[in-house]
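This report describes the structure shown here.

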Amino acid sequence: MIDLQRNLSAEEHLLIYWYSVMVENSNVGYENFRITESLIMRFNRYMHNWRTEFYNNPADFEKPVDWDRTRTKTEYFRQQLAKGHEFEIWAQGEFKRYGLDIGGYNSEKGQFAGENKFGIEIKYDMRMNETGNIYIEYSERLKSSQNWIKSGILKDDNTKYWLVGNESKYFIFQKQTLLNVYSRLLNNQKVAECRMVEEKLNGTSKGFIMSVSFAGNIAFADSIGEFVRKADFSDKSKDLYFAFGMFVHGRRDCRYIKGKSDNFLKVFDSLDEAFDMGYHRCNNPNCFL
Ligand SMILES: [Zn+2]
């Protein structure tokens, strides 16, 4: 959204120029291009409609970011990436039903990290139904000729929880629980219904498997509803911002959003993030006190 009240940024100049060329089929060169208020309003309306459609049907609009370097992209990798992304979008939608926005972001590796500000990693387990086990990865490599690097639960990031499974059955673990299982297996201690495995097909992943019944015993929650009830987000609550319509609010009880259901609010933990998404600061003077 372009704000009519202030000067346009360099990026906005380019965006609105491209909009006039691509959407309105203008054929003026940039040097003769004129920006008018009505053009900005048409642009804003176009962006607003795009955003609405995008967020109403993220599974149709959001694309996984594919690798574009000289890496070998096997069909297997592509499928994993696409299916994993689909599951992630699905899980994000489920969290949203409880008023939690766990929107993920893409890492600089061009691979979605599954990381998010709530520290929940989402992992699709393609073979759980077939094998009766879930797979927890701790090491990976891109090709079987390369060295192993830490991944999955050994990756050093802000992840506190691990959601793994598929749309019909999944578990949410505390990452520490999985790390405890890992270190016992590593020290050759027996853990019921768990064992180390190496993914044989491509030789690119190491991890351990755990039976679904054991997973049920040690999981923190086996539904998102249960997770939301048990997890403590209290340390975050003072830093949350709530967006609705075109505005972002600093208080859940701001008079403009007080009566709205959680389902209609988009939650951010920084104001800048909300501004980046195009929301405007609420003009109620009490909203950010
Ligand atoms: Zn407000």
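The sections below start with confidence and then go through the sheets, a helix and the core.

## Model confidence

The model is predicted. Its average pLDDT is 84, and 88% of the residues score at least 70. Over residues 106–114 the pLDDT is below 50, although this stretch has 20 contacts in the model beyond near neighbours in sequence. Where pLDDT is low, the predicted coordinates should not be read in detail.

## The three-stranded sheet

An open sheet of 3 strands has the order β1-β4-β5, with mixed pairing. β1 (120–124) and β5 (170–174) are the edge strands; each has a single partner strand, so one side of each has no neighbour in the sheet. From one strand to the next, the twist averages 20°.

Strand β4 (residues 161–165) runs antiparallel to β5 and is joined to β5 by 5 bridges. The two strands form a hairpin, with 4 residues between them. Across this pair, Val164 stands opposite Phe171, and Gly165 stands opposite Tyr170. β5 is mostly covered, with 4 of its 5 residues buried.

## The four-stranded sheet

A further open sheet contains 4 strands in the order β3-β2-β7-β6, and its pairing is antiparallel. Its edge strands, β3 (149–150) and β6 (194–198), each pair on one side only.

Strand β2 (residues 133–140) pairs with β3 in the antiparallel sense over 2 bridges.

## Helix α6 and the sheets

Helix α6 (residues 175–186) lies across β4 and β5, and runs at about 85° to β5. α6 also lies across β2, β6 and β7 (205–211), where the angle to β6 is about 75°.

## The nonpolar core

The largest nonpolar core has 44 residues. Those with the most contacts inside this core are Ile134, Trp162, Leu163, Phe171, Ile172, Ala243 and Val248. Domain 2 (70–231) and domain 3 (235–281) both contribute residues, so the core lies between the two domains.

Which residues does Val248 contact, leaving aside its neighbours within four places in sequence? The contacts of Val248 are Tyr241, Phe242, Ala243, Phe268, Leu271, Ala274, Tyr279, Arg281 and Cys282. One of them, Ala243, is itself listed among the residues with the most contacts inside the core.

How values were computed. Residues numbered from 1 in each chain as written. Predicted model: local features only at pLDDT ≥ 70, side-chain atom pairs only at ≥ 80, totals over all residues. Pairing = 2+ DSSP bridges. Axes fitted to C-alpha atoms, helices over the stretch in contact; angles between N-to-C directions. Contact = placed C-beta atoms within 7 Å. Core = buried A, V, L, I, M, F, W, Y, C linked by C-beta atoms within 7 Å. Buried ≥ 20, exposed ≤ 12 C-beta atoms within 10 Å, placed from the backbone. Domains from an automatic or database assignment. pLDDT = per-residue confidence, 0-100.
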